[in-house]
Amino acid sequence: MSNNDNNQLDPSRRSALAGGAFAAAAAVASALPLAAVSTDSQAATTGKLQKTASTITTRDGVEIYYKDWGPRNGQPVILSHGWPLNADSWESAAFHLASNGFRVVSHDRRGHGRSSQPWDGNDMDHYADDLAQLIEALNLNNIILAGFSTGGGEVARYVGRHGTKRIAKLALISAVTPLMLKTDTNPGGLPLEVFDGIRAASVANRGQLYLDFASGPFYNYNRPGAKPSQGLINAFYNQGMQAGHKNTYDSIAAFAQTDFRDDLKKFDKPTLIIHGEDDQVVPIDAAGRAAAKIVKNAKLITYPGAPHGLTDTHKDKFNADFLAFAKS
């Protein structure tokens, strides 16, 4: 759970939470200016990093919070979270891996969770450079690097910008790679209007957007016969509201409009790709299956009927599959 446990939902509002967040967002779409995806990262690459027991300060002055679980001599696993969440979203997998001897590091991306909320730099280049500086500060090597959803994009861009010298294995879980946006060269992507709608909904009522998202397509609670977990909905909402407004707004462009195809071509380590077959947020054909065609020798595992948030809804299977990959 997030630190904001006092933010509880009124049960009388449950009926208002049905339906997909993407559909709801698109319905209120307006002509908002797009948050530009940076093509020229301003993240500094020189200077000394500052580190405490739970934070590092990047070279451009952003404080990044991280958790460091498990034995310090265990093989490191780094888990990168999705939008608009934070490291808490990885708790189940992190606990399982740490309990099985791995050193598990999970960080709050800039602008999310307990990290700083900078006005600028909310793009994949900065996310990847922050990750590289975290790895440097903790002096980690032989890493199993995994990303969920937006975190999958962060992992891909890390490889594209920093290579795989410190990496042993890679994993993309419900990841936004290779490209979510529909373009002439990516006809299976989602129309720009969908993401414009999410931006509009974020400005209009960010809290309601997160409630609708968690109560609907993220966990497939909008499917017939679904049994929503109020705890998961609350946790998603709390984590989302802990993130910065400007940061999560900009991040929509980062996860939706960044092209990771060239980054994936640089993957040269064993790679696991896991994706739900009923992912309403990041459709499997344009994401998991498309990524598996680009990454050499990738292992693709699909979960029939599974939603985007499968690390929670299918956590026993996911934890078992990921642990087997980590130990292989």
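Over the ring of which residue does the charged end of Lys169 sit? The charged end of Lys169 sits over the ring of Phe325, 5.3 Å from the centre of that ring. This report describes a predicted model, beginning with the chain as a whole and then turning to selected parts.

**The chain as a whole**

The chain contains eleven helices and nine strands. Of its 328 residues, 58% count as buried. Among contacts between residues at least 6 apart in sequence, 79% join residues at least 24 apart.

Confidence in the prediction is given by pLDDT. Its mean over the chain is 90, and 86% of the residues reach 70 or more. Among the elements of the chain, strand 6 (residues 143–148) has the highest mean pLDDT, 99, while helix 1 (residues 21–27) has the lowest, 43. Over residues 1–21 the pLDDT stays under 50, and the model has 44 contacts beyond four places in sequence for them. Over residues 23–44 the pLDDT is likewise below 50, and this stretch has 46 contacts in the model beyond near neighbours in sequence.

**Val77 in strand 4**

Val77 belongs to strand 4, which covers residues 76–80. Its relative accessibility is 0%, and Val77 therefore counts as buried. Leaving aside neighbours within four places in sequence, Val77 is in contact with Leu97, Phe102, Arg103, Val104, Val105, Ile144 and Phe322.

**Helix 4**

Helix 4 comprises 13 residues, 150–162. At 1.5 Å a residue, helix 4 should span 18 Å, and its end C-alpha atoms are 18 Å apart, so the two values agree. Is helix 4 largely enclosed or largely open? Because eleven of its 13 residues are buried, helix 4 is largely enclosed by the rest of the structure. The buried residues include Gly151, Gly152 and Gly153, as well as Glu154, Arg157 and Tyr158. Just after helix 4, Gly163 takes a positive phi of about 75°.

**Aromatic rings**

A pair of aromatic rings is described by the distance of the centres and the angle of the planes. A search of the whole structure finds 15 aromatic pairs.

| Pair | Centre to centre | Angle between planes | Arrangement |
|---|---|---|---|
| Trp83 and Phe213 | 6.1 Å | 55° | tilted |
| Phe213 and Phe218 | 5.5 Å | 75° | edge-to-face |

Trp83 lies in the loop between strand 4 and helix 2 (91–99), and Phe213 lies in helix 5 (residues 192–215), so their pair ties together parts that are 130 residues apart in sequence. Both Trp83 and Phe213 are buried. The pair of Phe213 and Phe218 counts as edge-to-face because its planes stand at 75°, and the cut-off for this class is an angle over 60 degrees. Phe218 is buried, as is Phe213.

Key. Residues numbered from 1 in each chain as written. Predicted model: local features only at pLDDT ≥ 70, side-chain atom pairs only at ≥ 80, totals over all residues. Heavy atoms only, no water. Helix = DSSP H or I, 4+ residues; strand = E, 2+ residues; numbered from the N terminus. Buried < 20%, exposed > 50% of the residue type's maximum accessible area, 1.4 Å probe, protein only. Contact = heavy atoms within 4.5 Å. Expected span 1.5 Å × (residues − 1). pLDDT = per-residue confidence, 0-100. Phe/Tyr/Trp six-rings, centres within 6.5 Å; stacked < 30°, edge-to-face > 60°. Lys NZ or Arg CZ within 6 Å of the ring centre and 35° of its normal.
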